[in-house]
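The structure is shown first, and the description follows.

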Amino acid sequence: MTLDPKTKNQNRSQYKTWQRAEITAYLMATQGEHVTVNDIVKHFEESGKPIGLTTVYRHLDKLVDEGIINKYNLDNGSSACFEYIDDEHTKDGAASCYHCKCDKCGKLIHLHCEEIEALIKHIEKNHSFVINPRRTVLYGLCDSCRKLEV
């Protein structure tokens, strides 16, 4: 039996659409968290809906290009993280998301607050320097790690 090429392409397109919808739904459900490609692949394996690594990368790249998610490369050598962007945290078509990262445990904390925005504006106005909100990470110790050191 020979498949009509149109039918074959339609099925392939529908399959990609399903994968994209599943990946997007997962990212929306984990909103406010940073997830890696491995986190996504593991989630779908555990859910009984395995999606291949290459397919996840391809869909994430498209979602980043479309402005639906942000991609963060926080440290050299560490895996990229992805985060769903909601309308509340989008400003002028670009999502602003500043972070604190614990040097000890690696915990990532979001900084969605007016004080950070005021600091960013101050730096631009008074120091003629524009901060890239997608690449801004402050390093230090989280509360849990600080308590362990005492």
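An open sheet with mixed pairing is built from three strands in the order 6-5-7; strands (E, at least two residues) and helices (H or I, at least four) are DSSP runs, numbered from the N terminus, and two strands pair if DSSP finds at least two bridges between them. Strand 6 and strand 7 are the edge strands, each pairing on one side only. From one strand to the next the twist averages 25°, with axes being lines fitted to C-alpha atoms, for helices over the stretch in contact, and angles running from 0 to 180 degrees between N-to-C directions.

The model is predicted: local features need pLDDT of at least 70 and side-chain atom pairs count only at pLDDT 80 or more, whereas totals for chains, interfaces and linings use all residues. Residues are numbered from 1 along each chain as its sequence is written, and side-chain values use heavy atoms, with hydrogens and water left out.

## Strand 5 and its partners

Strand 5 (residues 98-102) is mostly covered, with four of its five residues buried; buried means under 20% relative accessible area, exposed over 50%, and partly exposed in between (1.4 Å probe, protein chains only). Four bridges join strand 5 to strand 6 (residues 108-111) in the antiparallel sense, and Cys-100 stands opposite Ile-109 in strand 6. The hairpin of these two strands has five residues between the strands, and Gly-106 there takes a positive phi near 85°.

With strand 7 (residues 137-140), strand 5 pairs in the parallel sense, again over four bridges. Gly-140 in strand 7 is the bridge partner of Cys-102.

Leaving aside neighbours within four places in sequence, Ile-40 is in contact (heavy atoms within 4.5 Å) with Tyr-26, Leu-27, Val-35, Val-56 and Leu-60.
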